[in-house]
2 protein chains.
Amino acid sequence: MARTHADLRIVLDRTPGTPLHVQLAGALRAMMRAGALPAGERLPSSRVFAADLGVSRTVVTEAYQQLYAEGWLEGRHGSGTYVAEIGPHPATDGLATGAGLGAGGKKEGPIGRGEARRRGLVDLRPGGSWVGDYDVAAWKRAWRAAGEHGPGDDPDPRGLPVLRALLCEHLRRARGVVAGPENVVVTRGTGNGLDLVAALLATGRRAGVEDPGYARARGIFAARGAETVPCPVDDDGIVVDGLPDDLAVLYTTPAHQYPLGGRLPIARRERLLEWARRTGAFIVEDDYDAEFRYDVAPLPALYGLDPARVILLGTLSKTLSPDPGIGWIVAAPETADRIAALRGALVDRTSVPVQHAMATLLERGDLDRHLRRMRLEYARRRALVVEILGDRVTGDTAGLHVMVPVARERLGPLAEAALARGVLVDDTRRHTLGEHDNHGLVLGYATATVQDLRRGCAVLAALLADGHG
Amino acid sequence: MARTHADLRIVLDRTPGTPLHVQLAGALRAMMRAGALPAGERLPSSRVFAADLGVSRTVVTEAYQQLYAEGWLEGRHGSGTYVAEIGPHPATDGLATGAGLGAGGKKEGPIGRGEARRRGLVDLRPGGSWVGDYDVAAWKRAWRAAGEHGPGDDPDPRGLPVLRALLCEHLRRARGVVAGPENVVVTRGTGNGLDLVAALLATGRRAGVEDPGYARARGIFAARGAETVPCPVDDDGIVVDGLPDDLAVLYTTPAHQYPLGGRLPIARRERLLEWARRTGAFIVEDDYDAEFRYDVAPLPALYGLDPARVILLGTLSKTLSPDPGIGWIVAAPETADRIAALRGALVDRTSVPVQHAMATLLERGDLDRHLRRMRLEYARRRALVVEILGDRVTGDTAGLHVMVPVARERLGPLAEAALARGVLVDDTRRHTLGEHDNHGLVLGYATATVQDLRRGCAVLAALLADGHG
């Protein structure tokens, strides 16, 4: 079985710049990434480790929690902490292409998801999340807890203070975001958050969107009277050079570009922020599936690099389910104030009992546990897709979808041939505004059963091998 | 005690135009209104009554249920059915002024409701509902029931079919609306419903709003890029003569004009619909507080007169609480289809667990029971306001607010004097776009305690007697 790694040689920098638990988590992450701490290895208990390092036990437990949340560790405090099997670790590591869907969006098309199910189709379109495995007791407990709070007459457009505080903790652990309740507005999801940003900043102005990019984002901007401007992306994400100077706001998915799947490199992040500061544009960071990363640790959110210029949008739609309708905006306090005032004026709000239920899930650690389970689930599913479709799959080892490059003119016949064999797919055409060469299938692996996923991928592999790609 | 009215001479018209239970409810309502069936009178049992009338027992129980829902009857089937004490029956009956707040809206102003509470102010601003008396067991049961349904991955933008069906029953009973689930979209409240209508119909076009009228409606239209056009109202409601011919949509509150409080007379309703048919405009009927009427029965919703041209907006914010966030749009099936498609595109939806909870409240009759209790509560509160402020109060005996006419130039000093004495009031200035003479205080009696309501009204009565009005 696992041996305990009793002697971890870690030196923590004790200058006050970075909290000790962040340093410790970073050091452990680096060792796991380098293979110095292989899967199955048992880490020292927090008590022993804290004594060895000469730090307080809290430093160790916080570092462990962060690494649990990111999926690096598994097991339980008390019974032992182990380096997790991180799932597939394909040779594509470091390559920056791939895929993900924004906004907790439900796929819309000729065939609805429910209808697809009734017709027995294998639905590989992105969107949604795997809801077949949730903690029934925790879910029931959360709604029971919601009922303990009587109905109020004055819902706060910012959201419940307790939930805002819990979301800050969650964001710190899962996304390296340092924010206080004054930075947070509890929304119903990414769509709601983007709509509020559009209404506040983009009406009658120009809003940049990624091309290819999340189609719904364009529609949400347009419905607020903004002119959307397509901005090119490549395998690394948004292309900063050539961004127009007259954008009021730029919508982007730096953690996992949708749909190509790249993760915006640090240098480009800095150039993007320089552009924003120079032109006065706000950057909307859609962090839709950033909790799901199966190889390297996710980069911290762009928001942390310039909280004054970046507005972060997050959602529980991917981590749990789109049904409850909970998301968040993280922004500078004055921006959060303006958004809250706008919500008041538009009578836009987040259901209060749902906020209570979600607070319970966060408070009790149920959401973290679910996230860890889902990370393993999705890592396995992604590995299955890669196993069947092989090198055709591009995009980072992250999120809930992959991209399979296919020439634009072949996409229509390929989708039709797949449908004739009972498999529904999505592709880049729907996510395209202008001309570009980044076309392909966008395959979601979250909502189908594993059996259907296997079947669907086999059908696509056969079609692609027959020259359909 | 009550004697049983064993001999009700009622003749039902047996032509197929109107269902028998509707005829029977109408006949009983007319007798109660005329005093032929005074408060406290006991009605025959449904078995006896059905035999006397020569109709099925269902006809009688359905008629009784309708009158229960409207607050005309009280008691329980089995133990006896009684004519209810309807509360105040002031001499203003028939006069058509008064007040009500749309959209389940939370009041916004320099002082929030929570802050007002903390500062010990008496808050007589309209908005919200009385949440101090709800059925704790029913509320808890509803959220427990919500937790019995696991999270889904594909929320329906129209809402849960079971809830749509239950809302149709509720609307038939409470508002005389005949609609099927295909007519209904479950929203989060009036604000959400109006926003969807605005996005669908009004972007880049002209939208009529009542003046004075619900301020938030203007803001919601404007945020969708519509030009709002003020349309005059008088004591009866919207003035049809002179409505422009180029409106895409007209927002109106025919059941209880906000804030003046008139109920649109039948003849004017018909002229309004003629105008809409002639010009092609859609009418948005905000039915925000129509369940609350304490004297005559409410007129059936305008929607019933022309389901193709009228879009009905309803909300649970007034009947229960704004916290859960449930409302509805009732419209022609093709309009409902277009709204549902738009919601899909904008990723706009209603929390699914909340829909399950609300379905439970409707299914078990909890909401009807709450409505009946609240009708008595608000009738008593309105009577208290009229008792203290006397003839100054105008508006129909309905809803959750009254209007007290005051010349525009006196409103500022009056509100300041009231605040200096610890009383927060709202007035028509905030609800005014152009020039008109219908100014006054708009006083909500739903959210304060009865003690505070009494205190606040006494302060206002003293100020008005001192010539502040």
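## A walk through the two chains

Start in chain A and select helix 12 (residues 366-389) together with helix 14 (residues 450-468): their axes come within 9 Å and cross at roughly 25°. With an angle under 35 degrees, helix 12 of chain A therefore counts as roughly parallel to helix 14 of chain A. Keep in mind as you go that this is a predicted model.

Now look at how the pair is arranged: helix 12 of chain A passes helix 14 of chain A in a right-handed crossing. To see what touches, show side chains. From helix 12 of chain A, pick A:Glu377, A:Arg381, A:Leu384, A:Val385, A:Glu387, A:Ile388 and A:Leu389. Facing them from helix 14 of chain A are A:Val450, A:Leu453, A:Arg454, A:Cys457, A:Ala458, A:Leu460, A:Ala461 and A:Leu464. Colour this contact by class and you get eleven nonpolar residues, four charged ones and no polar ones.

Stay in chain A for the next stop and select A:Arg373 and A:Asp133. They form a salt bridge, with the closest N and O atoms 3.4 Å apart. What parts of the chain does this pair link? A:Arg373 sits in helix 12 of chain A, while A:Asp133 lies in the loop between strand 4 (122-123) and helix 5 (136-147) of chain A, so the pair joins distant parts of the chain, 240 residues apart.

Hop over to chain B and select helix 5 (residues 136-147) and helix 11 (residues 352-363). These pack at about 135°, with their axes 8 Å apart, which makes helix 5 of chain B oblique to helix 11 of chain B. The crossing is right-handed.

Next, show both chains and select the residues where they meet. Chain B gives 53 residues to the contact and chain A gives 53. Together they bury about 4,600 Å², 53% of it on carbon and sulfur atoms. Want to know which residues of chain B lose the most area to chain A? Pick B:Pro151, B:Asp153 and B:Asp323, which together make up 17% of what that side buries.

Last stop: charges. Side chains of opposite charge can pair when their charged atoms come close. Eight salt bridges turn up across the interface of chain B and chain A. Zoom in on A:Asp195 and B:Arg224, whose side chains meet in a salt bridge at 3.8 Å, N to O. Over all chains, the whole structure has 63 salt bridges.

Technical notes:
Residues are numbered from 1 along each chain as its sequence is written. Chains are lettered from A and ligands numbered from 1 in the order in which they are written. This is a predicted model: local features need pLDDT of at least 70, side-chain atom pairs count only at pLDDT 80 or more; totals for chains, interfaces and linings use all residues. Side-chain values use heavy atoms; hydrogens and water are left out. Axes are lines fitted to C-alpha atoms, for helices over the stretch in contact, and angles run from 0 to 180 degrees between N-to-C directions. Helices (H or I, at least four residues) and strands (E, at least two) are DSSP runs, numbered from the N terminus. Angles under 35 degrees count as roughly parallel, over 145 as roughly antiparallel, 65 to 115 as roughly perpendicular and the rest as oblique. A crossing is left-handed if the near helix is turned anticlockwise from the far one by less than a right angle, and right-handed if clockwise. Contact means heavy atoms within 4.5 Å. Ala, Val, Leu, Ile, Met, Phe, Trp, Tyr, Cys and Pro count as nonpolar, Asp, Glu, Lys and Arg as charged, and the others, Gly among them, as polar. Buried area is the accessible area (1.4 Å probe) that two parts lose on being put together, summed over both. A salt bridge is a side-chain nitrogen of Lys or Arg within 4 Å of a carboxyl oxygen of Asp or Glu.
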